[in-house]
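Please look through the structure shown below with an eye to its aromatic rings and to the packing of its helices. The report that follows takes these topics in turn.

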Amino acid sequence: MSNKNNITFAYWVPNVSGGLVVSDIEQRTDWSYDYNVRLAQTAEKVGFDYALTQIRFTAGYNAENQHESVSFSHGILAKTERLKVIAAILPGPWKPALAAKQLATIDHLTNGRIAINVVSGWFRGEFDAIGEEWPEHDQRYARSEEFIRSLKGIWTQNNFSFDGKYYQFKDYTLSPKPVQKPHIEIFQGGSSRAARDMASRVSDWYFTNGNTPEELKKQIDDIREKAKANNHTVKIGVNAFIIARDTEEEAQAVLQEIIAKANVQAVKSFSDATREAGAATAEGEGNWAKSTFEDLVQYNDGFRTNLIGTPQQIAERIVELKKIGVDLVLSGFLHFIEEVEYFGQKVLPLVRELEAQQATAVQQEAELV
Ligand SMILES: Cc1cc2nc3c(=O)[nH]c(=O)nc-3n(C[C@H](O)[C@H](O)[C@H](O)COP(=O)(O)O)c2cc1C
């Protein structure tokens, strides 16, 4: 289990079919409830602290079936003891009053183990299909920010009033309030300027796509500086598709096979759809703005973080991520249960060892000063 100075690990819940790479390579991963319960139990046993569910309303890009995120999160929580499950919530389909009440109840049922990931929408086709309006990019974030402010108000205050552009509350009191204090943890996903600014004002956690340490550092410094000016603190989670094998050659061969067997048509359609999301913003900083075809074979640019190699190489790169300010690695795997187990046995102990060495070195340096 991690302590508060350690980097934290989360994994993507495969509640959507097709796995996490848009490729015809064999993926021994299943979207069923039974598989997910076994996965969650394995993950909490080997040291993962969080699991993240996805929300998708329609099929596309290999994801033919999609279980709903909040009910699926609760299903996993019911069968685990320690893991926190982060449920994806999409403002638009979800309204803050219902989300606040539903999540407060789940918080009671699970003794404070639910969290949420507020996502602002990237897939226009799905909004059209379910009859939801599609505000332009920055307006989607304006709505998400009001959504988060509403949740926080409802979860922490009695007689809550709010007069926003998208949501209004008048003297509203939720009872019971959530178990978690001050409130249920709030994550958000997205990397554009609007996403970063929202994180620096209201979110507890900022989730971003995979990227190189240099590019991640720019984002993190930017967000932390802004958050400081707003008297707010925000933690950082980074996506990575992890391929850990006994040798570097084996790991690289798996990556090459994933890409060689990419479903080209699906990746191209996905690429087109991302133009409606982060790639569409003028400043060009959003998710997928700079993604290549190969990057897009993993939905959230997870190859870019380069946690691909031997356990030692991966552990060293994770500790480098921690040094630039990353608090959590959000991991995806090809064969989920087997690889979560391998990661827990081979990689995690090395990470903890390196972190302990680093802490000792910092302490010795402080004593010398
Ligand atoms: C870790 C992570 C998880 C996400 N999960 C979902 C999801 O479950 N459903 C969804 O519609 N969008 C999801 N998104 C997409 C974002 O909410 C957002 O729409 C997209 O990243 C584009 O945002 P940007 O323009 O700010 O970069 C996720 C993004 C990240 C980084």
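## Aromatic pairs

In this predicted model, a search of the whole structure finds 27 aromatic pairs. A pair of aromatic rings is described by the distance of the centres and the angle of the planes. For Tyr61 and Phe270, the ring centres lie 5.6 Å apart and the planes meet at 55°, so this pair is tilted. Tyr61 belongs to the loop between strand 2 (50–52) and helix 2, while Phe270 belongs to helix 9 (residues 264–274), so the pair ties together parts that are 209 residues apart in sequence. Tyr61 and Phe270 are both buried.

A further pair is made by Phe169 and Tyr172, whose ring centres are 6.2 Å apart and whose planes are at 35°, so that this pair, too, is tilted. Phe169 has a relative accessible area of 13% and is therefore buried, whereas Tyr172, at 24% relative accessibility, counts as partly exposed.

## A cluster and a charge over a ring

One aromatic cluster is formed by Phe9, Tyr11, Phe48, Phe333, Phe336 and Phe343. Elsewhere, the ring of Trp134 has the charged end of Arg140 sitting over it, 3.9 Å from the ring centre.

## Packing of helix 2 and helix 3

Helix 2 (residues 69–78) packs with helix 3 (residues 96–109) at an angle of about 5°, and their axes are 11 Å apart. Because of that angle, helix 2 is roughly parallel to helix 3.

On the side of helix 2, Val70, His74 and Leu77 take part in the contact, and they meet Gln102, Ile106 and Leu109 in helix 3. Of the residues in this contact, four are nonpolar, two are polar and none is charged.

Notes. Residues numbered from 1 in each chain as written. Predicted model: local features only at pLDDT ≥ 70, side-chain atom pairs only at ≥ 80, totals over all residues. Heavy atoms only, no water. Axes fitted to C-alpha atoms, helices over the stretch in contact; angles between N-to-C directions. Helix = DSSP H or I, 4+ residues; strand = E, 2+ residues; numbered from the N terminus. Parallel < 35°, antiparallel > 145°, perpendicular 65-115°, else oblique. Contact = heavy atoms within 4.5 Å. Nonpolar A, V, L, I, M, F, W, Y, C, P; charged D, E, K, R; others polar. Phe/Tyr/Trp six-rings, centres within 6.5 Å; stacked < 30°, edge-to-face > 60°. Buried < 20%, exposed > 50% of the residue type's maximum accessible area, 1.4 Å probe, protein only. Lys NZ or Arg CZ within 6 Å of the ring centre and 35° of its normal.
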